[in-house]
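Walk me through this protein model, from the whole chain down to single residue pairs.

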Amino acid sequence: MSIRGYERNQVAHVFEVDFELPPRCICAHCGREAEVNVRLKNDVLAIRDLDLFGQPSFWTYQPRLHQCPHCRQRTQLPTPFKRPKVTYTFRFEQYVLESLVGCSVEDVARKLGISAETVENILEHHLESQRAIPSDARITSLGFDELSLKKRHKLYVTIMSDLSDPEHPRVLAVVKGRDKAAVEQCLAMLTPEQREAICSHRTDMSGVYPDVCSQWLPNSQSVIDRFHVAKHLGQIVDGVRKKHAVSS
């Protein structure tokens with residue numbers, strides 16, 4: 001990929017980008033393969049990328065089409081830096097997942113200036129396209145978070161993250177549910193050697209984690225997430241405040 005131009009647009013950075021095309025393409029209509037016969041669409045697309053100096057940045061490009069020499073139908077050529085039918089890059093997608101560690105969908109949406117639906121779509125795609133955790137990955141600390149998606153449908157997921165580098169958390173697994181089975185399904189994705197190497201695991205105060213983690217992570221120490229401790233303490237203080245306000 002190469003950058004062809006840059007423009008500052010109010011409070012955003014806009015980069016005009018270009019990318020290499022495959023030498024051959026299979027027509028989506030007739031199924032025949034031929035050398036790429038490029039046609040450019042007239043419209044220009046803008047997609048979200050990582051923030052730059054605390055401000056959003058976007059990539060703009062012209063979609064490429066392949067015109068089949070046999071049936072004359074046009075097929076859109078793949079873009080190497082994004083999934084089809086989305087308006088953000090692969091690395092922005094990964095950044096959204098990392099931002100969900102210890103935060104709610106609404107918090108991440110507000111922070112990045114995107115819709116909660118976009119955050120949910122990214123999380124659901126990760127749920128559907130689950131990849132195996134590399135067996136040689138060195139992981140010393142885990143984090144578990146519960147997130148609510150599609151609240152009216154009561155869809156919950158459990159996220160297991162690698163917290164070995166606190167500055168760069170990495171989502172390892174996303175599993176439907178927030179019960180014991182969901183946590184066990186996450187931990188089963190690690191090898192026995194990886195589970196034995198875990199020194200600590202960070203969770204909320206749910207009663208699901210202690211028994212499961214003590215069984216699956218024999219050398220790990222439990223750490224309660226300070227966010228949930230502060231939230232619980234705040235609820236207690238607020239309850240006392242309301243009680244005294246009524247009695248007075």
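The tour below goes from the overall fold to the cores, the surface and the salt bridges.

This is a predicted model, so local features need pLDDT of at least 70, side-chain atom pairs count only at pLDDT 80 or more, and totals for chains, interfaces and linings use all residues. Residues are numbered from 1 along each chain as its sequence is written, and side-chain values use heavy atoms, with hydrogens and water left out.

Start with the whole chain. It has 7 helices and 14 strands. These are DSSP runs, numbered from the N terminus: helices are H or I with at least four residues, strands are E with at least two. The protein chain has 248 residues, and 38% of them count as buried. Buried means under 20% relative accessible area, exposed means over 50%, and partly exposed lies in between (1.4 Å probe, protein chains only). The accessible surface comes to about 15,000 Å². Carbon and sulfur atoms hold 51% of that surface. Such areas come from the Shrake-Rupley method with a 1.4 Å probe; for residues, only the protein chains shown count as cover.

Contacts come next. A contact means heavy atoms within 4.5 Å. Among contacts with a separation of 6 or more, 50% join residues 24 or more positions apart.

Now go inside. A nonpolar core is a set of buried Ala, Val, Leu, Ile, Met, Phe, Trp, Tyr and Cys residues joined through side-chain atoms within 4.5 Å. The largest one has 23 residues. Val96, Leu100, Val119 and Leu123 have the most contacts inside it. Helices and strands both supply this core: α1 (90-99), α2 (105-112), α3 (116-128), β10 (141-149), β11 (155-162) and β12 (170-176) each give two or more residues. What does Leu100 touch, not counting residues up to four places away in sequence? Its partners are Val105, Val108, Val119, Leu123, Leu147 and Ile159. A second, separate core has 19 residues, including Leu172, Ala173, Cys186 and Leu217.

The surface has a nonpolar patch too. Leu21, Val38 and Leu40 form it, with about 210 Å² of accessible area together. Patch residues have over 30% relative accessible area and no salt bridge; like charges are joined within 9 Å, and nonpolar side chains (Val, Leu, Ile, Met, Phe, Trp, Tyr) within 5 Å. Leu40 sits in strand β5 (residues 38-40). Its relative accessible area is 44%, so Leu40 is partly exposed.

Charged pairs complete the picture. A salt bridge is a side-chain nitrogen of Lys or Arg within 4 Å of a carboxyl oxygen of Asp or Glu. The count comes to 9 salt bridges. In one of them, Arg64 pairs with Asp18, with the closest N and O atoms 2.5 Å apart. Arg64 lies in strand β8 (residues 64-67) and Asp18 in strand β2 (residues 12-18), so the pair ties together parts that are 46 residues apart in sequence. Are these two residues buried or exposed? Both Arg64 and Asp18 are buried.

Glu93 and Arg83 form another salt bridge, at 3.0 Å from N to O. Glu93 is in helix α1, and Arg83 is in the loop between β9 (74-76) and α1, 10 residues apart. Glu93 is buried at 7% relative accessible area, and Arg83 is buried at 16%.

Arg170 and Asp162 also meet in a salt bridge (3.2 Å, N to O). Here Arg170 is partly exposed at 32%, whereas Asp162 is buried at 7%. Finally, salt bridges that share partners join Arg4, Asp18 and Arg64 into one network.
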